[in-house]
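Please look through the structure below with this briefing beside it.

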Amino acid sequence: MTVSATSSTFDDLFSQWERQQAAYVAYRQNRFQVMLDVLALHCPPDPTVLDLACGPGPIADLVLRRFPGARAVAADHDPVLTRIARSVLARHEERATVVETDLVSADWASALPAWTFDAVLSSTALHWLSPGQLLAVYTELARLLPPGAVLLNADHLRFEDDRPTLRRLSADHDAAVQREAFTDGAVTWEQWWDLAARHPELAALLPERERRFADRPPQPPASLEFHLAALRTAGFTEVGTVWQYLDDYVVFARR
Ligand SMILES: C[S@@+](CC[C@H](N)C(=O)[O-])C[C@H]1O[C@@H](n2cnc3c(N)ncnc32)[C@H](O)[C@@H]1O
């Protein structure tokens, strides 16, 4: 795909983000569907939801569309993506709140409104954290959530070395999905950031984004077993999975 020299609107960037993310996550909408179904089956009809590491806010947007009485906090450390989230989620007026917070800092939850959450939803994000940071975030969420509240985390959780065939099948499938999506006109991660950089307001935020993420090395992929054990250690009472496609899971944990 050729990236145009003109600047996109925030809504265009959000649409392009969705196509870009769907190129890296096969059946991304199915992850979100199962999250919404669990909310409908388990939570009050007007749930209070935290979209953790929200990017430009697709999960919060889906929740607020599906549940007209819901309210959502969308939280992320990226000033560019939270700027887009603020614009996209403005259609939900006071039902949506966007906050900037760094999950790596010990007091990240202090940036949240003092609400009682029914659910925390996250997608393609917690793999940015080291195992120790992930355990700390899960522990803080267990402290924050009341009994019965749920956490749903969608991510690629790579198969360990003892399952090389499953690992290869998953990698080959990812590569095929990406090839097809990019041929159909989806932008890559890098091309999406080039598009964002052409927006004058976002361009001004890019140095701050670089500063905030300068000390964040890529993390080795954590396994499903690690996530389940970390959630139990953190204090969640019931943990498991509610969806899987190859190495892509939605992990469930109930407080
Ligand atoms: C691939 S994006 C996914 C965004 C969104 N959940 C989605 O599915 O479209 C990963 C997100 O994690 C956020 N993130 C990474 N590390 C973070 C941290 N330490 N604190 C808060 N957000 C973080 C990034 O800024 C980015 O928005």
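This is a predicted model: local features need pLDDT of at least 70, side-chain atom pairs count only at pLDDT 80 or more; totals for chains, interfaces and linings use all residues.

Residues are numbered from 1 along each chain as its sequence is written.

**Nonpolar core**
- The largest nonpolar core has 61 residues, a core being a set of buried Ala, Val, Leu, Ile, Met, Phe, Trp, Tyr and Cys residues joined through C-beta atoms within 7 Å.
- Helix H4 gives the most to this core, with six residues; helices (H or I, at least four residues) and strands (E, at least two) are DSSP runs, numbered from the N terminus.
- Ala-74 is among the core residues that touch the most other members, and, leaving aside neighbours within four places in sequence, its contacts (C-beta atoms, placed from the backbone, within 7 Å) include Asp-51, Ala-60, Ala-85 and Leu-89.

**Asp-61**
- Asp-61, placed in helix H3 (residues 58-66), is buried because 23 other C-beta atoms lie within 10 Å; the cut-offs are 20 or more for buried, 12 or fewer for exposed, and partly exposed in between, with C-beta atoms placed from the backbone.
- Beyond its neighbours within four places in sequence, Asp-61 is in contact with Val-88 and Leu-89.

**Packing of H4 and H8**
- Helix H4 (residues 79-89) and helix H8 (residues 200-213) pack at about 140 degrees, with their axes 8 Å apart; axes are lines fitted to C-alpha atoms, for helices over the stretch in contact, and angles run from 0 to 180 degrees between N-to-C directions.
- H4 and H8 are therefore oblique to each other, since angles under 35 degrees count as roughly parallel, over 145 as roughly antiparallel, 65 to 115 as roughly perpendicular and the rest as oblique.
- The residues of this contact divide into five nonpolar, no polar and four charged.

**Positive phi in a loop**
- Thr-124, in the loop between strand S4 (119-123) and helix H5 (131-144), has a phi near 50 degrees, a positive value in a residue other than glycine.

Definitions and conventions: Two residues are in contact if their C-beta atoms, placed from the backbone, lie within 7 Å. Ala, Val, Leu, Ile, Met, Phe, Trp, Tyr, Cys and Pro count as nonpolar, Asp, Glu, Lys and Arg as charged, and the others, Gly among them, as polar.
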